[in-house]
Structures are given as C-alpha cells and as structure tokens.
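Open your viewer, load the model and keep the selection panel handy. We will go from the overall fold down to single residues, one stop at a time.

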Amino acid sequence: MGKNSTKRRILTVAKILFEETDENNPISMSELLECLESKRLQCERKTVYDDIREIRETLFPVTYKRKGWFQSTRKGV
C-alpha cells in the first residue's frame with residue numbers, strides 16, 4: 001500500500017471515529033472494516049488496530065469498551 005493510501009486510511013478511520021462514535025455509540029472492528037471497504041480501502045484488522053493506536057497517540061483519545069471503539073472527547077447524547 002502506498003504512502004498516500006496509508007494516510008488516507010488513517011484519516012478515514014479518524015474521521016469515522018470522530019464523527020460517528022461516542023460513548024453510547026461505539027463501532028465494532030467489523031463495522032469499521034466494512035466502512036473502510038465501502039470507501040475502497042481494504043486492509044487487515046491488525047492494520048486498523050495500528051491506525052487506532054496512532055490516532056490515540058497523535059490526534060484524540062479513543063477508548064474501547066465491550067461493544068466497540070469510540071472517540072472519548074465528548075459524551076454520548
């Protein structure tokens with residue numbers, strides 16, 4: 001995968017987490033992979049875990065709870 005594809009994938013994961021999730025609306029890894037595939041970004045589960053780690057370290061807090069991942073900078077509605 002090229003450098004631009006990697007950047008696009010990480011930014012897409014960050015956008016999904018930031019815009020579509022909160023404490024009350026987490027996203028499962030399967031759902032996240034489906035979202036990426038729908039945007040023509042196919043990747044392995046481990047790659048997305050690495051992306052989430054990168055997002056946590058550089059952009060915003062991401063939390064995992066029993067039902068899935070969510071950005072934890074705002075409370076659920």
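The tour below begins with the chain as a whole and then visits a helix, the core and a few residues.

**Before you click**

This is a predicted model, in which local features need pLDDT of at least 70 and side-chain atom pairs count only at pLDDT 80 or more, while totals for chains, interfaces and linings use all residues. Residues are numbered from 1 along each chain as its sequence is written, and side-chain values use heavy atoms, with hydrogens and water left out.

**Stop 1: the whole chain**

Start with a cartoon view. Following the sequence, the pattern reads α-α-α-β-β. The radius of gyration of the chain is 12 Å, close to the 11 Å that the globule rule gives for 77 residues, so the chain is as compact as a globular protein of that length. (The radius is taken over C-alpha atoms, and the rule is 2.2 Å times the number of residues to the power 0.38.) Along its principal axes, the C-alpha trace spans about 35 × 25 × 20 Å.

Of the 77 residues, 34% count as buried. Here buried means under 20% relative accessible area, exposed means over 50%, and partly exposed is in between (1.4 Å probe, protein chains only).

**Stop 2: helix 3**

Select residues 45–58, which make up helix 3. This helix has 14 residues and reaches 20 Å from its first C-alpha to its last, close to the 20 Å expected at 1.5 Å a residue; the expected span is 1.5 Å times one less than the number of residues.

Which residues of helix 3 are buried? Colour Val48, Asp51, Ile52 and Ile55 to see them. Look down the axis of helix 3: the buried residues fall within an arc of 100 degrees, so they line one face of the helix. (The arc is that of the directions from the helix axis to the C-beta atoms.) An α-helix has 3.6 residues a turn, so residues three or four places apart point the same way. On the other side of helix 3, pick out Lys46, Glu57 and Thr58, which are exposed.

Next, show what covers the buried residues of helix 3: the cover includes helix 1 (3–20), helix 2, strand 1 (62–65) and strand 2 (68–71).

Stay on Asp51 for a moment. Asp51 is buried, with a relative accessible area of 3%. Leaving aside neighbours within four places in sequence, Asp51 is in contact (heavy atoms within 4.5 Å) with Arg9, Ile10 and Val13.

**Stop 3: the nonpolar core**

A nonpolar core is a set of buried Ala, Val, Leu, Ile, Met, Phe, Trp, Tyr and Cys residues joined through side-chain atoms within 4.5 Å. The largest one has 18 residues, and Leu17, Val48, Ile52 and Ile55 have the most contacts inside it. Helix 1, helix 2 and helix 3 each supply at least two residues of this core, with helix 1 giving the most, five residues.

Centre on Leu17 and show its surroundings. Beyond four places in sequence, Leu17 touches Ile27, Ile52, Ile55, Phe60, Val62, Trp69, Phe70 and Gln71.

**Stop 4**

Leu36 sits in helix 2 (residues 29–38) and is buried, with a relative accessible area of 0%. Not counting residues up to four places away in sequence, Leu36 touches Arg9, Thr12, Val13, Ile16, Leu41, Cys43 and Val48. Draw a C-alpha to C-alpha distance from Leu36 to Arg9: these residues are 27 apart in sequence and 7.7 Å apart in space.

Move to Ala14 in helix 1. Ala14 is buried too, at 6% relative accessible area, and beyond four places in sequence it is in contact with Ile55, Leu59 and Phe60.

**Stop 5: two loops**

Between helix 1 and helix 2, select Pro26. Is Pro26 buried or partly exposed? Pro26 is partly exposed, with a relative accessible area of 25%. Its contacts beyond four places in sequence are Thr21, Glu31, Lys67, Gly68, Trp69 and Phe70.

Finish in the loop between helix 2 and helix 3, at Arg40. Arg40 counts as exposed at 77% relative accessibility, and it has a positive phi of about 60 degrees although it is not a glycine.

Notes
Helix = DSSP H or I, 4+ residues; strand = E, 2+ residues; numbered from the N terminus.
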